[in-house]
Amino acid sequence: MLVNSGQKQAQPKDFVAKKVNGLAPSGIRRFFDLLSSMDGVISLGIGEPDFTTPWHIRETAIDAIKKGYTMYTSNAGMPELRKELARYLMSESKINYDPDDELLITVGVSEALDLAMRAILDPGDEVIMTDPCYVAYDACVSLAGGIPVKVPTTEERGFEVEADDIESAITDKTKAILIGYPANPTGAVMSREKLRRISEVAKRHNVLVISDEIYSKLTYGVEPVCFASLPGMKESTLYLSGFSKAFAMTGWRVGFAAGPKDIIAAMTKIHQYTIMCVPIMSQIAATEALKSGEAASLEMVQDYNRRRLIMVTGLKEIGLPCFEPKGAFYAFPNIKGTGMTSEGFAEKLLTEEKVAVVPGNAFGACGEGYVRCCYATATDEIIEALDRMQRFLSKHRKR
Amino acid sequence: MLKEILRILENDPRASPKQIAIMTGLSQDEVVKLIQQAEKDRTILRYKTVINWDKVGEEQVWALIGVKLTPQKDVGFDSIAEQIYRFPQTRTVYLISGNVDLIVIIAGKSAREIANFVSEKLAAIEGVQETITQFVLKRYKEDGEIIDGKEEIKRQPMVF
């Protein structure tokens, strides 16, 4: 009940909790509002595959619905899916998870992230994360009562996070290190050696590592390293991933958490009170993806790679220095030479040339001076977008 | 690397040497050279456009003709097939396993045109024992392209 002092009628917004009011709105939203009111926009803004889910996966789900698979499932996820997932993680990452108590199927990796934070954080606990990083990390930690602690990463160091920097950010309040590589928004991939050094820091200070590896299937010319597979790290790593990116299944909302059984049990407890279970048809689709989605997934990766090269080479050619992304589907060009802020650049580019990119500062202060360009877009559109950006740059260079 | 170039071109014959060079990491000169070589040795047969002629009101009649052959002394199937594939009307000629020996795909302006070709040209070839003409009623998919109802990317506006 809200106490009314008698002076003033409570407004609906007064009912909203302070910790929610305190959250910064996603910096990306404003651009999408602008964008949706315009015609002829080429969007390099949305971080989503531009493939529809492979037909055999869709067909399996349609068939399941026809056969009457319309009920709840076990809270942790259908046993068949967990079993298949355990097999998949063994073959992909050489790591053995018990499908009975070390795996949890979640509503996308987003839910897994939220559950992880709620399961491990007490008020005031700190979680170390990189800057820039995926926009939801910060919010998930704050909503769970924790405090996000940012460790800067730089273009000069390939946007990899350094173990020393993490170590200096550790306090007696630090509960976990949250890393997300291959990274959104930079496309950076961490080397095994650098991850190993982080694992040593984690062990030395007794902190949990939460590794969001949603983009791990999308790497180009480099092998992604599964953090939990590093020597001795399985018991102190919570491994999060999902189906959205690898199998073009964003709308199905299926992800998972793999980790020590006590943490998975804690997350499952919250999951069963709040979500109950992931929709059964999505779980059946995900099972099919694991069983026979590999070929389609590889084809998509090859296609992304071609477009990655067109995008990155093109950006450099039009005069925007660009760190070479080795993963995900983002390029993160440096726009500091234009003299504009990230937001100024993105807004002008959208209104003048109808190309939508996401200002880098939406991902943290260290993203200032960069914009995120997603190349999960048709090649023709990427080329047209680059032409428009070139025109934009030469126009603003003259001023 | 040639295979990668061919994969790119098969998907989009308009891809420029410059684009292909970027996508493969080769120089433009190398790409041009490999493509020219592939054209010369007929690895690349032709650059083709898949068209839905219905859209512009152009009537086309297609038929799949099964052809049974009588093996002839000293003349294999290849020689009979050649007499068939030399006709410019035939778009595709395959030797197949099963009930018939050849499948011939032809496109014409009318059923009569195709009937004439079958009765006057095809059936008259020595060694052709029987023809089974099957007219195409509707084309759903051509060369991997769904003709009507191709899916568009139905991205919804969302924030991340």
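These exercises work through parts of a predicted model.

**Exercise 1.** How do helices α4 and α10 of chain A pack, and at what angle?

*Solution.* 
Step 1. Locate the helices: α4(A) covers residues 79-93, and α10(A) covers residues 280-292.
Step 2. Take the geometry. The angle is about 30°, and the axes are 9 Å apart.
Step 3. Apply the cut-off. Angles under 35 degrees count as roughly parallel. Therefore α4(A) and α10(A) are roughly parallel to each other.

**Exercise 2.** Which residues make the contact of α4(A) with α10(A)?

*Solution.* 
Step 1. On α4(A), find Glu80(A), Leu81(A), Glu84(A), Leu85(A) and Tyr88(A).
Step 2. On α10(A), find Gln283(A), Ala286(A), Thr287(A), Leu290(A) and Lys291(A).
Step 3. Sort by class. The contact has five nonpolar, two polar and three charged residues.
Step 4. Recall the helix rule. An α-helix has 3.6 residues a turn, so residues three or four places apart point the same way.

**Exercise 3.** Which residues of helix α6 of chain A are buried, and what do they pack against?

*Solution.* 
Step 1. The buried ones are Val135(A), Tyr137(A), Asp138(A), Cys140(A) and Val141(A).
Step 2. Find their partners in chain A. The buried residues pack against helix α5 (108-120) and strands β3 (126-131), β4 (147-152) and β5 (174-179).
Step 3. Look just after α6(A). There Gly145(A) has a positive phi of about 85°.

Key: Residues are numbered from 1 along each chain as its sequence is written. Chains are lettered from A and ligands numbered from 1 in the order in which they are written. This is a predicted model: local features need pLDDT of at least 70, side-chain atom pairs count only at pLDDT 80 or more; totals for chains, interfaces and linings use all residues. A residue is buried if 20 or more other C-beta atoms lie within 10 Å of its own, exposed if 12 or fewer, and partly exposed in between; C-beta atoms are placed from the backbone. Helices (H or I, at least four residues) and strands (E, at least two) are DSSP runs, numbered from the N terminus. Two residues are in contact if their C-beta atoms, placed from the backbone, lie within 7 Å. Axes are lines fitted to C-alpha atoms, for helices over the stretch in contact, and angles run from 0 to 180 degrees between N-to-C directions. Angles under 35 degrees count as roughly parallel, over 145 as roughly antiparallel, 65 to 115 as roughly perpendicular and the rest as oblique. Ala, Val, Leu, Ile, Met, Phe, Trp, Tyr, Cys and Pro count as nonpolar, Asp, Glu, Lys and Arg as charged, and the others, Gly among them, as polar.
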